[in-house]
Amino acid sequence: VMPDASDTWYINSYDNKILYEDMFFKELIPFIQDTYRVRSQKQYQAISGLSMGGYGAFLYTIHHPECFTACAPLSAAVYTDEQMKKALHTDRGKLFDILYGKGNLTKHWYKNSILHLLESAELDSSFDVAYYIDCGDDDSLLHGNNIAHELLKEKGIKHEFRVRDGGHTWSYWRTALPSVLEFISKRFNRS
């Protein structure tokens with residue numbers, strides 16, 4: 001299932017005018033489980049996304065680890081605080097003001113920042129979501145993905161990290177899909 005998140009960044013906005021994350025867990029997942037023949041146990045649920053969707057997938061497994069066994073963020077939009085500060089002064093800054101609140105780095109940003117969540121969360125090797133992170137060596141988002149990899153490594157959280165030749169492109173992501181599906185399949189079939 002591939003929902004269109006538009007410019008929501010998959011979050012509930014700071015003012016609760018946009019409730020995308022709530023919709024995802026309270027409406028979309030129950031609809032899928034009620035409508036299609038799917039296994040609803042955590043062991044058989046995975047999430048993936050690319051770019052903003054990679055950020056969303058990563059975020060959802062940290063906010064809702066009870067729902068997923070695997071996550072495959074591809075070229076995830078994982079921003080450092082410095083990158084976010086710079087983004088606030090671009091066209092994207094207006095959108096981030098709507099989502100995270102006006103100002104430099106707001107409480108809502110920290111509540112939804114992959115890197116802050118990985119640093120501050122009480123995650124350890126018992127955290128049972130495995131990650132397959134893939135980002136091209138020419139992708140401007142590689143820096144944040146590298147830091148996420150290091151934080152996962154420090155906390156002993158299961159993950160694979162791939163950096164391959166390529167950038168932030170559809171052709172790059174298409175070449176990742178066979179490995180992503182193999183990774184997820186292995187997680188589904190573990191005993």
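Tutor: A polar contact here is a pair of N or O atoms within 3.5 Å, where, within protein, one atom must be able to donate a hydrogen and the other to accept it. The model is predicted. With that term in hand, let us turn to one residue. The side chains of Asn-12 and Asp-22 are joined by a polar contact of 2.8 Å. A polar atom of the Asn-12 side chain also lies 3.3 Å from the backbone nitrogen of Tyr-20. Asn-12 itself belongs to the segment before helix H1, which spans 20–35. Leaving aside residues up to four places away in sequence, Asn-12 touches Ile-18, Leu-19, Tyr-20, Glu-21, Asp-22 and His-108. Because its relative accessible area is 14% and the limit for buried is under 20%, Asn-12 counts as buried.

Four strands make up an open sheet, ordered E1-E2-E3-E4, with parallel pairing. Strands E1 (46–50) and E4 (159–164) stand at the edges, each with a single partner strand, so one side of each has no neighbour in the sheet. From one strand to the next, the twist averages 5 degrees. Strand E2 (residues 70–74) and strand E3 (residues 130–136) run parallel and are joined by three bridges. Opposite Leu-74 stands Asp-134 in E3. Helix H2 (residues 52–63) packs on the sheet and touches E1, E2 and E3, its direction making about 150 degrees with that of E1. Helix H8 (residues 170–188) also packs on the sheet, touching E1, E2, E3 and E4, and its direction makes about 165 degrees with that of E3.

Conventions. Residues are numbered from 1 along each chain as its sequence is written. This is a predicted model: local features need pLDDT of at least 70, side-chain atom pairs count only at pLDDT 80 or more; totals for chains, interfaces and linings use all residues. Side-chain values use heavy atoms; hydrogens and water are left out. Helices (H or I, at least four residues) and strands (E, at least two) are DSSP runs, numbered from the N terminus. Buried means under 20% relative accessible area, exposed over 50%, partly exposed in between (1.4 Å probe, protein chains only). Contact means heavy atoms within 4.5 Å. Two strands pair if DSSP finds at least two bridges between them. Axes are lines fitted to C-alpha atoms, for helices over the stretch in contact, and angles run from 0 to 180 degrees between N-to-C directions.
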